[in-house]
Amino acid sequence: ALAGCVHVPLDTGKARAPDFARAEHAAIVDLGVDAWPAERWWQDYRDPQLARLVDSALAGNPSLAVLDARVRSAGALLKAEQAAGGVQASLETGMNRQRYSSNGFFPAPIGGSWYTDTTVQGRISYDIDWWGKHRAQVAAAIGETKAVAAQASQAQQALAASVAQSYFRLQMLWARADNLAARAAVERALLADRDARVRHGLATADAQRGVELELGKLAEQAALLEMQAAREREALRALVAAGPDAFVLERRLPHGAQAALPRRLGIELLARRPDLQAARWRVEASLGRVAAGEAAFYPDLNLSGAIGLNAVSLGKLLRGASRTMLAGALLDLPLFDSGRLDAGLGIARAGRDALLAEYNEAVLDAVRDVALEAASLQGIEHELQAHEAAAQASTQLAVNAEARLKRGLADRSALLQAQLEVLRQRDTALQLRDAQLQTQVAL
């Protein structure tokens, strides 16, 4: 009867849990073997220099320091929420020196005299969580704490990926620049051959000008690669927070790493993604807030007790007659609050529905991202296989041209042209290899 004025409104939310039957990639997308990369996945590339750069970035990045502080703050808030529902005990002491009025409530000899009022009292209180309101608030705090921790983990993975992609891109730019220098050397040799032929009347000046034009294009490409490498080096240095003098890198061609994702996408794979973990824990936190909002409609019972000593004379404080005791209970029952509880619960439920919808969207986006990157990686691998055949053919042509030159069946120009084609094929292979590494890291 007392609760008749306040009732919990019906939950009309439309959001539902994710439909994992829709969270499936197409059968044509092969995700590799049934294993997931380790937490330190960059070590699969077997490059100590890369591992050192990633470790340096993770140790000194200011954004990660901010997230680490947020994780600690969330943990402290969780401890405060957990402590709010336990047994509370305190010891209170006090001393007052007071003159009582001669015309007041107390007659003489108290009235008109000074007395020292001394109190020593121990208090204990406990909030009986009948309806789970405090448990729901703790659950919400746990969800928020885990969401922040997952967000920090996601930031670490994103930073490691940025470092790896920047490092691979820089190494590939250097490798392409070296290959371009080799092509320029062959073009200069070809120019010298053409020049000799022109002097002997065996070739026209147009053939010589054509080689000079190609050398000009190569110089332009070399300048572009040098600029891109300088920009990438500075971007990588900023990621690892290194000084200009201490940032020294060795040039080395990166090794590949096998893509290792399960052939079938299930909840066990999704559970490993920090961004989905964060979204899921935010949903858990919102469920706790909804439960706490519903429990606020029910009576709240608090028990309290105290025992102590009180006397108006310090000499009598420790006597048995000075003891005081208190026991009480407080029942808080909401009857009419002008819709405050309804509004609070409505806000909590709307927030829950929004977070649940965002989680559903994040699940589908995760499947899409994985499928797109996996499909791209498959396509690049097919391109590399096709290119391998072309590269082998160009290498064989160069070998044959050299053999014919030794037997006097071909001129030096044919050999140089064949060597140029080999170097062109190598540049294409380096670009495909760069795309493969970038996609592997993204995957």
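1. Two strands count as paired if DSSP finds at least two bridges between them, a strand being a DSSP run (E) of at least two residues and a helix a run (H or I) of at least four, numbered from the N terminus. By this rule, β3 and β4 pair in the antiparallel sense over 10 bridges. Within that pairing, N302 has L330 in β4 as its bridge partner.

2. The model is predicted, with local features requiring pLDDT of at least 70 and side-chain atom pairs pLDDT 80 or more, while totals for chains, interfaces and linings use all residues. Residues are numbered from 1 along each chain as its sequence is written, and side-chain values use heavy atoms, without hydrogens and water.

3. The four strands form an open sheet in the order β1-β2-β3-β4, with antiparallel pairing. Its edge strands, β1 and β4 (323-332), each pair on one side only.

4. Strand β1 (residues 88-99) is joined to β2 (residues 114-128) by 12 antiparallel bridges; here G94 is partnered by T119. Between β2 and β3 (residues 300-311) there are 11 bridges, again antiparallel, and T118 has A311 as its partner.

5. Helices α6 (residues 274-295) and α7 (residues 340-406) have axes that come within 9 Å and cross at roughly 160°. Axes are lines fitted to C-alpha atoms, for helices over the stretch in contact, with angles running from 0 to 180 degrees between N-to-C directions. The two helices are therefore roughly antiparallel, a label for angles over 145 degrees.

Key:
Angles under 35 degrees count as roughly parallel, over 145 as roughly antiparallel, 65 to 115 as roughly perpendicular and the rest as oblique.
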